[in-house]
Amino acid sequence: MILNTCHNNYYTSKTAGLRGKNTTAAILFKTGFLEQVKRAVFYVRIRKYFFMMKFMGYGHMRQMLQFGIMMCLVFVLGCGTSDKQNASSETAKKKVGILVQTTVNPFFLDLAEAAQKELGDSFEVTTFGGDNSADKQAKQIKDLVVQKFDALLITPCNANAVGAPIRDANEAGIPVFTADTACLDPDVKIENHVATDNLAGGRLAGDAMIQALDAKGGNILVLDYEQAESCQQRVEGFKEVIDRHNQKPGNENAQIKIVAQLPSKAEESASQKQTKDALKANRDLVGIFAINDPAALGAVAAIEEEKLQDQIKVIGFDGQKIGKLAIRDGRIYADPIQFPKLMGQYSAMYIKKYFAGDKINPTHLIPPELYFQADAKADAELSEE
Amino acid sequence: MKQPSKHISNWRQFVNDYGMIFVLLFLMIILSMVTVDHQQLVGAAAGREVAQSINRIESPRNVLIATPQGKLDVEFAQSIEQELAKRHSVIAVVQSGPRQVSLALKQATVSGHPADVIACTAASAKWDPVAESSAQKIKPASYRWPNFLMPDNLVTIAQRITIIAIIAIGMTMVIITAGIDLSVGSLIALSAVVTGVMIRDCFGGKEADLFGLWCSGLAGILVCALVGLFTGLLIAAFRLPPFIVTLAMMLLIRGIANVLSDQRTIHEIPVSFDMLGKGYLFGVPISVWLMFSLYAIAYFVMSRTTLGRQIYAVGGNEEAARLSGVRVKRILLIVYTVCGLLAGLGGVIVCSQLRSAKASYGMMDELTVIAAVVVGGTSLMGGQGKILGTLIGAFIIGVIQNGMNLVHMDDKTQMIVLGSVIVLAVLLDRIKKGEVSWKEIRSVFNN
């Protein structure tokens, strides 16, 4: 085995000139490791390699195949090692790890990208996606703690489970910032938390629903996602406004009744199925509130299949691009929109302030805003599509 | 029997059984080479070194010690204070963030004793107030060493695979009997949730004592063992295909876990429960000791006992095993129960590591476990495989996952790499065992 590696070094060193400075070989050169290995191996390489092969009973073909596979492994690993690796040897740059809930949802990508942009060149930023798995995110945090990152910006996959790995970071003296979902563990130290004011957003959604129903009232459906604290708060705010509307004198004939509240998994296909079932049970639905855009779009898909789009108004949440486009096309009535980019920018600002020794607030809530069809038509971001 | 080639055949046997260890070593070497970075001394030793370099300054100095508030940083600051020569004076020890350092520096200037020297760690040296200060900055010397080979990191790797590796013991046994168990991921969730609910509802949540924790943990494991026994019964008694039975169990158990936890995270768990998942014994996590001891037991069982031989016999040829007196059904019951039990143990460890329980834990873990077993050289056809090979397989997966995080690979690429490496590793294993011939490869295209 030792000999195999030596052989690889020999070959990768030859290709180093061709592939520029991003290759594994270039890094090996820089570290000086390769030079030593090459020198030590030079005399014994050929003789011993063939002796070894004979010893293991390898034929010529197998030897070639094995070597090829080894080279592929080196190549694959080499590709992942980008400029960042070289930069990390400069000790002056502060290493910041951004750990988002998932990179599948553009919301978190926007947040991470905005934060990275705001942090600028004096920071070395690396983004990791947690696949919505608390366990995976915990391991990622642990890996960054071991590497002694200077700061971590986390959007937790799970408000409680993230406590344990954050405690590890605290113990190693690494400052932790959170965005979007707050860490609910009381024993951890968070420097700053930036989030949308979800309760206020829920209330806005309630206002939009009352407006959409044109003061007539009727039966509505709520598509929730109980796993996320933020989504619970949205539903809470929404219900608060609906209750207040129902109790208001003069609204006796315009009661809004939540006939069902179903789990949407915060994604399209699940909420489409749930909406379809709900439509079978309640043909008289007039409104649906979904806790985020993918769930709202799932509901819209079900409604369009049943051809009920004139009867049912959908309110979403988030203001992702897909949601905004649907609002422009009149498929979703309105969204309280969040500002992921602003969230990323604020988080980055607080990280910078932290290192500069300025005072920082422990929490920063960003109020959402309602976004209607008219806003979407005027939105420059959507104009090219 | 003594032949000149005996030595060689031993070597070949080893390559056959544990060939994957070479892939593991290879990955480790590559990762060591690409993660070479500046490393600083930490803790008391670093403090002593910094104090010595300050002591080399002849004239008296005002020293400010600025560190983050990590555990090792506390030791660092203490040892500087102890070792510093009498002529120097420590004007302030700041153990928190940049803001406090900036305040302390200002205060020192105001009080007429401005700091001449700032003793800092590698991390606090980067703080703006420290970097911009005119005082002389002294930090521990750095040396070059791979991030990958830092003792902390090696422990992290062992810790991250414990759960996968422990469950993989049971999975190896199941796969050796030519079966498969897809329900282990859900069992992790079930066990975590049962343990969490027991602690919360029966033993008073955060106030639970050690006895309560033991009972809850054992309850989680026991429930999973019973589920495993039930799965084994369905497979052995009704001759249902293991794939279908365990697929159904996977859904069923995940559903039960969701119902039990009411789809919420159970976090009313006392701090003392951390011991299992995060406690250390002689510098190595307890869960890692547990993993290694389970592997030692499993190795003994599989290679030195009748039970072990019978498990291989069932997988090799069930009918032949039955005819030669092996009680096949009992063996099947045993392996599925053991697999369930170990998955339960894995769930309790996850619950302890994250100090919370949720029904979504262990999602897709069954596939990682199966990958570890297969990479470890166990054949899905049954009858072949080595327990220690599985441990190596688990380490390969752990090393790749950790290594990709170390080289800052983004997660889309991580999936591609992990997938490719698993395919290549299994292929390499085949080639090592001499089961791939050029003729066969060509015949694919000739047919």
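## A:Leu365

In this predicted model, A:Leu365 is partly exposed, because 14 other C-beta atoms lie within 10 Å. A residue needs 20 or more such neighbours to count as buried, and 12 or fewer to count as exposed. A:Leu365 belongs to strand E11 (residues 363-366) of chain A.

Which residues does A:Leu365 touch, leaving aside those up to four places away in sequence? They are A:Ala195 and A:Asp197. A:Val145 is another matter: A:Leu365 and A:Val145 are 220 residues apart in sequence, and their C-alpha atoms are 27 Å apart in space.

## A parallel sheet in chain A

Chain A holds an open sheet of 4 strands. Their order is E7-E6-E8-E9, and the pairing is parallel. Strand E7 (256-263) and strand E9 (313-315) of chain A are the edges. Each has a single partner strand, so one side of each lacks a neighbour in the sheet. On average, neighbouring strands are turned by 20° against each other, direction ignored.

Strand E8 (residues 285-290) of chain A runs parallel to E9(A), and 3 bridges join the two. Across from A:Gly287 stands A:Lys313 of E9(A).

## Helices on the sheet

Helix H10 (residues 198-212) of chain A packs on this sheet. H10 touches strand E6 (218-224), E8 and E9 of chain A. The direction of H10 makes about 170° with that of E9(A).

Helix H13 (residues 293-305) of chain A lies across E6, E8 and E9 of chain A. H13 runs at about 155° to E8(A).

## Chain A and its confidence

Chain A has 16 helices and 12 strands. Of its 385 residues, 48% are buried. Among contacts between residues at least 6 apart in sequence, 73% join residues at least 24 apart.

The mean pLDDT of chain A is 79, with 76% of its residues at 70 or more. Residues 1-21 of chain A have pLDDT below 50, yet the model gives this stretch 36 contacts beyond near neighbours in sequence. Residues 79-90 of chain A also stay under 50, with 25 contacts beyond four places in sequence. Where pLDDT is low, predicted coordinates should not be read in detail.

## Chain B overall

Chain B has 19 helices and 8 strands. Its C-alpha atoms fill a box of roughly 95 × 65 × 45 Å along the principal axes. Of its 447 residues, 51% are buried. Among contacts with a separation of 6 or more, 78% are between residues 24 or more positions apart.

Chain B is divided into domain 1 (40-142) and domain 2 (151-433). How far apart are the C-alpha centres of these domains? The distance is 48 Å.

## Helix H3 of chain B

Helix H3 (residues 43-55) of chain B has 13 residues. At 1.5 Å a residue it should span 18 Å, and its end C-alpha atoms are 18 Å apart, so the two agree.

The buried residues of H3(B) are B:Ala46, B:Gly47, B:Glu49, B:Val50, B:Ala51 and B:Ile54. An α-helix has 3.6 residues a turn, so residues three or four places apart point the same way. What covers the buried residues of H3(B)? The cover includes strands E1 (36-40), E2 (62-67), E4 (117-120) and E5 (136-138) of chain B, as well as helix H4 (71-83) of chain B.

Technical notes. Residues numbered from 1 in each chain as written. Chains lettered and ligands numbered in written order. Predicted model: local features only at pLDDT ≥ 70, side-chain atom pairs only at ≥ 80, totals over all residues. Contact = placed C-beta atoms within 7 Å. pLDDT = per-residue confidence, 0-100. Expected span 1.5 Å × (residues − 1). Domains from an automatic or database assignment. Pairing = 2+ DSSP bridges. Axes fitted to C-alpha atoms, helices over the stretch in contact; angles between N-to-C directions.
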